[in-house]
Amino acid sequence: AVPATVALFKRLSVNDQLALLWYAYTEMGRSITPAAPGAARLQLAEGLLSQLKNMSHAEQLQAMRDLAANRNTAISRSYGVLSTNTKLAFWYELSVLMEQGIVVPMPPGYQPSSSVTEVLDAIKSLDFGQQITVLRNTVVDMGVDPLAD
Ligand code: 45D
């Protein structure tokens with residue numbers, strides 16, 4: 001079930017991937033919070049997060065699209081060196097910053113596409129541990145590995 005769900009995610013467009021992560025966060029946020037000792041891990045992503053915080057909303061959105069699309073940018077390369085859990089903690093923190101209006105918020109009244117709803121439903125049908133595994137497998141392949149040739 002996990003590989004099939006990850007495959008569904010990877011077939012989504014870049015916008016839909018971002019939207020999916022957002023809805024996963026809003027639905028799972030409460031259960032994730034206690035499980036996210038992200039604070040310690042986030043120090044490793046601090047430079048990356050402060051660069052994003054200093055961008056305009058349009059630039060932040062572009063940077064997130066670039067991550068999802070594996071576009072080779074400075075941000076994507078900095079992301080690429082993070083560990084998998086730090087990548088998750090980084091996305092989690094971006095969601096929190098979106099709620100605070102520091103990072104570009106979801107457009108008001110945004111309606112997820114049917115593909116997003118489909119992947120979200122597939123994730124919801126999994127148990128919590130599997131949900132985390134799906135999320136790990138989606139964010140781990142984002143960005144660019146600067147050590148790959
Ligand atoms: O205008 O360290 C669209 C554990 C449309 C434990 C858009 C853990 C157009 C160890 C593109 C949609 C494994 C539990 C705009 C950690 C438009 C540990 C924008 C786990 C504006 C950390 C969309 C942590 C945007 C976990 C900007 C499970 C969307 C963390 C952005 C999970 C979406 C984190 C974002 C999740 C989603 C984070 C930022 C699910 C982030 C999701």
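Author: Start with contact: it means heavy atoms within 4.5 Å. Helices are DSSP runs (H or I, at least four residues), strands are E runs of at least two, and both are numbered from the N terminus. This is a predicted model, in which local features need pLDDT of at least 70, side-chain atom pairs count only at pLDDT 80 or more, and totals for chains, interfaces and linings use all residues. Residues are numbered from 1 along each chain as its sequence is written, and side-chain values use heavy atoms, with hydrogens and water left out.

Reader: Which residues of H7 and H9 meet?

Author: From H7 come Thr84, Asn85, Lys87, Leu88 and Trp91. From H9 come Ile132, Leu135, Arg136 and Val139. By class they divide into five nonpolar, two polar and two charged. Ala, Val, Leu, Ile, Met, Phe, Trp, Tyr, Cys and Pro count as nonpolar; Asp, Glu, Lys and Arg count as charged; the others, Gly among them, count as polar.

Reader: How do you describe the way two helices pack?

Author: You give the angle between their axes and the distance between the axes. Axes are lines fitted to C-alpha atoms, for helices over the stretch in contact, and the angles run from 0 to 180 degrees between N-to-C directions. The axes of H7 and H9 come within 9 Å and cross at roughly 95 degrees.

Reader: What makes H7 roughly perpendicular to H9?

Author: The angle does. Under 35 degrees counts as roughly parallel, over 145 as roughly antiparallel, 65 to 115 as roughly perpendicular, and the rest as oblique. The angle here is roughly 95 degrees, so H7 is roughly perpendicular to H9.

Reader: What is the handedness of the crossing of H1 and H9?

Author: H1 passes H9 in a right-handed crossing. A crossing is right-handed if the near helix is turned clockwise from the far one by less than a right angle, and left-handed if anticlockwise.

Reader: How do you know that H4 is roughly parallel to H7?

Author: Helix H4 (residues 46-53) and H7 pack at about 30 degrees, with their axes 11 Å apart. That is under the 35-degree limit, so H4 is roughly parallel to H7. The crossing of H4 and H7 is right-handed. Leu48, Leu49, Leu52 and Lys53 in H4 meet Phe90, Glu93, Leu94 and Leu97 in H7. Six of these residues are nonpolar, none is polar and two are charged.

Reader: What makes the pair of Tyr25 and Tyr92 edge-to-face?

Author: Rings of Phe, Tyr and Trp (its six-membered ring) pair if their centres lie within 6.5 Å; planes under 30 degrees apart count as stacked, over 60 as edge-to-face, and the rest as tilted. The rings of Tyr25 and Tyr92 are 5.5 Å centre to centre, with 75 degrees between the planes. So they pair, and the pair is edge-to-face. Tyr25 lies in helix H2 (residues 14-35) and Tyr92 in helix H7, so the pair ties together parts 67 residues apart in sequence.

Reader: Why is the pair of Phe90 and Trp91 called edge-to-face?

Author: The ring centres of Phe90 and Trp91 are 5.7 Å apart and the planes stand at 75 degrees, so this pair is edge-to-face. By the ring rule, the count comes to five aromatic pairs. Ring pairs also link Trp22, Tyr25 and Tyr92 into a cluster.

Reader: How do you know that Tyr92 is buried?

Author: Buried means under 20% relative accessible area, exposed over 50%, and partly exposed in between (1.4 Å probe, protein chains only). Tyr92 has 19%, so Tyr92 is buried. Tyr25 has 11%, so Tyr25 is buried. Phe90, at 0%, counts as buried.

Reader: Why does Ser95 count as buried?

Author: Ser95 has 7% relative accessibility, so Ser95 counts as buried. Ser95 lies in helix H7 (residues 84-99). Leaving aside neighbours within four places in sequence, Ser95 is in contact with Trp22 and Tyr25.

Reader: What makes Ala1 exposed, and Asn70 partly exposed?

Author: Ala1 has 64%, so Ala1 is exposed. Its place is in the segment before H1. Asn70 has 38%, so Asn70 is partly exposed. Asn70 lies in the loop between helix H5 (57-68) and H6, and has a positive phi of about 55 degrees although it is not a glycine.
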